[in-house]
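Please examine the sequence and the three-dimensional structure shown here before reading further.

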Amino acid sequence: MFLDKAEFHATFAADVDPEKAAFMLRTPKCRGASAALSGKISEPAWRAKPSWYLIATEDKAIPPDAQRAMSKRAGSTVVEVKGSHAVYVSQPDAVAALIQEAAAGARAQREKE
């Protein structure tokens, strides 16, 4: 997975300040994100556990319709936010709210068991 430096801001972080997007491009986490795709799993957690999914509706890296299909397949509780692939930078309050909702939902699920 390679990100074209000239296209990074428009493709990955269009709603992020250009200076911050340039910093993101220089960090090892963004450049090494492909390592996340090579992990091996035996059983996806979403098959047995509740899941939540934040769809970034302005994402140019993973099309929103593909995100909708993935979240539907997983049976996720979905929240849609107008944002780029870097929605965690541009919309941190929305991301935090979803994390809090997921934590509360997981806690409620655990209490039922």
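The paragraphs that follow move from the overall layout to the strands, a helix and the nonpolar cores.

The structure is a predicted model, in which local features need pLDDT of at least 70 and side-chain atom pairs count only at pLDDT 80 or more, while totals for chains, interfaces and linings use all residues. Residues are numbered from 1 along each chain as its sequence is written, and side-chain values use heavy atoms, with hydrogens and water left out.

The protein chain contains 6 helices and 2 strands; helices (H or I, at least four residues) and strands (E, at least two) are DSSP runs numbered from the N terminus. Along the sequence, these elements follow the pattern α-α-α-β-α-β-α-α. Of the 113 residues, 27% count as buried, where buried means under 20% relative accessible area, exposed over 50% and partly exposed in between, with a 1.4 Å probe and protein chains only. Contact means heavy atoms within 4.5 Å. Among contacts between residues at least 6 apart in sequence, 60% join residues at least 24 apart.

Strand 1 and strand 2 run parallel and are joined by 5 bridges; two strands pair if DSSP finds at least two bridges between them. Leucine 54 stands opposite valine 79 in strand 2, and isoleucine 55 has glutamate 80 in strand 2 as its bridge partner. Strand 1 is largely enclosed by the rest of the structure, because 4 of its 5 residues are buried.

Helix 4 (residues 64-74) includes methionine 70, a partly exposed residue with a relative accessible area of 41%. Leaving aside neighbours within four places in sequence, methionine 70 is in contact with Tyr53 and Ile62. Methionine 70 and tyrosine 53 are 17 residues apart in sequence, and their C-alpha atoms are 8.9 Å apart in space.

How far apart are the end C-alpha atoms of helix 6? They are 30 Å apart, which agrees with the span of 30 Å that its 21 residues (92-112) should have at 1.5 Å a residue; the expected span is 1.5 Å times one less than the number of residues. The buried residues of helix 6 are Val95, Leu98 and Ala102. Seen down the helix axis, these buried residues fall within an arc of 60°, so they line one face of helix 6; the arc is that of the directions from the axis to the C-beta atoms. They pack against strand 1 (52-56), strand 2 (77-81) and helix 5 (87-90). The face of helix 6 turned away from its buried side carries the exposed residues Asp93, Gln100 and Glu111.

A nonpolar core is a set of buried Ala, Val, Leu, Ile, Met, Phe, Trp, Tyr and Cys residues joined through side-chain atoms within 4.5 Å. The largest nonpolar core has 8 residues: Phe8, Phe12, Ala13, Val16, Ala21, Met24, Leu25 and Ala86. Helix 1 (8-12) and helix 2 (18-26) each supply at least two residues of this core, and its largest share, 3 residues, comes from helix 2. Apart from this core lies another, of 6 residues, including Leu54, Ala56, Val81 and Val95.
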